[in-house]
Every structure is written in C-alpha cells, then in structure tokens.
Amino acid sequence: MKKYQLGEFEEIVLLTVGVLYDNAYGVAIKGEIEKRLERKVSLGALQSALRRMEEKGFLESESGETTVKRGGKPKRFFKMTSFGRRALEYNRDVRAELWKALPDMVLEAKFS
C-alpha cells in the first residue's frame with residue numbers, strides 16, 4: 001500500500017515526534033534522535049523531512065509562543081496525525097510479518 005510508505009528516516013522522525021508528544025519541535029526532535037540512535041542529524045534534513053511528512057498528512061504543526069531568547073521567533077511544534085499513526089502501524093506490521101517469515105536457519109547462520 002504505497003500511501004503508507006515511509007522511508008527509514010521518516011519513520012524515525014515520526015516515532016520521535018510521538019515519543020516527545022507535546023514537546024516535539026525541531027531542536028528537541030534532533031536531540032532525541034541523536035541521543036537514542038547515536039546518529040548525527042542535520043537540522044536541514046530534519047526540517048525537510050518534517051515539511052514533507054506534513055504535506056503527506058503524517059504530521060501537523062502549530063506555532064508556539066514567541067520568546068526573546070529566539071529573537072521573537074516561535075517554535076514550531078509537531079504532532080502525529082491519525083494517518084501518521086496508521087502509517088507507523090502499517091510499517092510495524094509489515095516488518096513483523098517479514099521477521100516471522102524468515103526461516104530459522106537464516107537467523108542461525110553465521111556470516112563472515
């Protein structure tokens with residue numbers, strides 16, 4: 001089902017938005033991904049992914065309060081939509097079915 005397709009990075013971002021729940025804004029999402037996955041994330045790549053997933057309907061966003069610390073610029077907070085949740089469930093279920101379909105000997109094989 002193509003409408004639910006998520007790339008690996010999109011899936012990670014969407015899951016992280018869910019983990020952060022009410023505190024899911026760019027810098028917090030970036031920090032959470034880097035902490036949990038021990039993987040560097042470019043803020044530009046993250047912003048592109050967030051915009052793309054909002055356009056696809058997986059996320060929605062709203063502006064927070066303006067602050068002096070941010071030069072009067074508000075944070076943009078993201079929330080997962082029900083469509084985004086269904087996309088994650090679809091990805092989880094597809095992966096689970098593929099794991100179940102692996103023959104035991106594949107999992108027991110030693111690779112060099």
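Modeller: Keep in mind that this is a predicted model. To start, the charged end of Lys75 sits over the ring of Tyr25, at 4.0 Å from the ring centre.

Biologist: Nice. And which ring does the charged end of Lys79 sit over?
Modeller: That would be the ring of Tyr21, with the charged end of Lys79 4.7 Å from its centre.

Biologist: Where do Tyr4 and Phe83 lie in the chain?
Modeller: Tyr4 is in the segment before helix H1 (8-20), while Phe83 is in helix H4 (residues 82-101). The pair links distant parts of the chain, 79 residues apart.

Biologist: Is Tyr4 buried or exposed?
Modeller: Tyr4 counts as buried, because its relative accessibility of 10% is under the 20% cut-off.

Biologist: OK, and how do Phe58 and Phe83 pair up?
Modeller: Those two are stacked, 5.1 Å centre to centre with 10° between the planes. Phe58 lies in the loop between helix H3 (43-56) and strand E1 (59-63) and Phe83 in helix H4, so their pair ties together parts 25 residues apart in sequence. Phe58 also counts as buried, at 1% relative accessibility.

Biologist: Which residues form the aromatic cluster, then?
Modeller: Tyr4, Phe58, Phe83 and Tyr90 form one cluster together.

How values were computed: Residues numbered from 1 in each chain as written. Predicted model: local features only at pLDDT ≥ 70, side-chain atom pairs only at ≥ 80, totals over all residues. Heavy atoms only, no water. Helix = DSSP H or I, 4+ residues; strand = E, 2+ residues; numbered from the N terminus. Buried < 20%, exposed > 50% of the residue type's maximum accessible area, 1.4 Å probe, protein only. Phe/Tyr/Trp six-rings, centres within 6.5 Å; stacked < 30°, edge-to-face > 60°. Lys NZ or Arg CZ within 6 Å of the ring centre and 35° of its normal.
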